[in-house]
Amino acid sequence: MNEIFNKIEEYDSICIFTHQFPDPDALGSQFGLKQFILDNFNNKKVYALGKNNDSLNGTTFPRKDKVNDEVIQSSLAIVLDTANTSRIDDERYNLAREIIKIDHHPIVEQYGNINLVEVDKCATSFILANLIKNSTYTLSSIASTYFFIGIVGDTGRFLHNNTTSEVFAMASYLLDNGVDLTKSYENLYKRSVNDTKLVGYILQNYQIIGNRLAYYILEKEDYEQFDICFEKAKEHVNVLADIEGIDIWVSVVYSEDTGFYHVSIRSKHIQINDVAQAMGGGGHKFASGIKATSLARVQTILDNLVAKLF
Ligand SMILES: [Mn+2]
């Protein structure tokens with residue numbers, strides 16, 4: 001995709017966007033791309049936009065940038081890891097002169113002037129690292145580290161079934177480029193005492209339906225009693241991942257900011273993104289999310305998932 005590099009060359013100012021509630025792949029691809037551009041192109045202004053994730057920005061990744069509307073109006077926008085425009089963090093992306101979409105989610109909206117979507121790839125960070133690896137540009141140790149963290153995040157530390165041999169080959173390539181493995185993992189997987197208590201609470205209170213679906217619901221007061229914020233509370237769905245006999249596991253976490261119950265669905269073998277899409281959400285075949293307006297709506301989602309099991 002030389003045209004992506006050509007577009008970067010063409011613009012003095014580039015604004016990089018990703019999705020709301022950014023996870024390690026959203027941030028890894030965003031800051032990896034920003035670092036790559038700064039390392040390889042002269043005199044570019046590059047901005048990573050959107051809200052900070054307080055558990056990742058400032059430690060694992062830098063803090064986000066702030067710009068006024070005029071800057072975006074004269075910029076190229078590159079939107080990463082986001083299937084549909086309503087999920088883009090900072091709706092001012094549409095002020096930009098041109099938009100490039102780079103993503104690995106199943107296609108919902110092709111909103112870019114250029115769309116690079118590879119749904120068979122484990123992470124957007126992978127797609128970018130691969131693009132650069134196959135070019136004449138250089139990939140610094142810092143950019144490699146950000147992309148590596150993105151891949152680690154979306155493969156669950158090389159555990160999920162999107163972990164192919166090409167993923168290990170890319171990890172090997174990035175490590176050769178100077179990824180600091182210990183530092184990457186330490187920041188990403190450290191857990192505060194309070195967060196550990198929340199995990200204990202989840203393990204004490206989750207429910208099982210029909211011996212095959214496990215779920216938990218966290219109201220605001222459930223996580224705030226441990227002094228944990230919504231973004232952090234939302235990260236624990238895989239606490240239920242390895243329970244024997246459980247095929248689908250679900251976390252439901254209420255956010256006062258959005259007014260929604262954020263439903264995260266994970267599955268071993270059973271496709272669940274069709275259920276998510278039918279209920280207004282989306283995502284990957286075995287990892288999807290939906291925003292639900294009420295507990296009654298959450299129950300409908302659970303009923304629809306159970307219907308896939310029996
Ligand atoms: Mn991703």
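Which residues coordinate the manganese ion, and at what distances? In this predicted model, where local features need pLDDT of at least 70 and side-chain atom pairs count only at pLDDT 80 or more, totals for chains, interfaces and linings use all residues. Residues are numbered from 1 along each chain as its sequence is written, and side-chain values use heavy atoms, with hydrogens and water left out.

The manganese ion is held by Asp 25 (OD), Asp 81 (OD), His 104 (NE2) and Asp 154 (OD), at 2.2 to 2.3 Å; donors are N, O and S atoms within 2.8 Å of the metal (3.2 Å for Na, K and Ca), and the site may look incomplete because water is not among the atoms. Along the chain, these donors follow the spacing D-x55-D-x22-H-x49-D. Asp 25 belongs to helix α2 (residues 24-40), whereas His 104 lies in the loop between β4 (98-103) and β5 (114-117), so the pair ties together parts that are 79 residues apart in sequence. Helices (H or I, at least four residues) and strands (E, at least two) are DSSP runs, numbered from the N terminus. Asp 25 is buried at 0% relative accessibility, and His 104 is buried at a relative accessible area of 2%, where buried means under 20% relative accessible area, exposed over 50% and partly exposed in between (1.4 Å probe, protein chains only).

In helix α8, the buried residues are Asp 195, Leu 198, Val 199 and Ile 202. Seen down the axis of α8, these residues fall within an arc of 100° and so line one face of the helix, the arc being that of the directions from the helix axis to the C-beta atoms. The face turned away from the buried side carries the exposed residues Val 193 and Gln 204.
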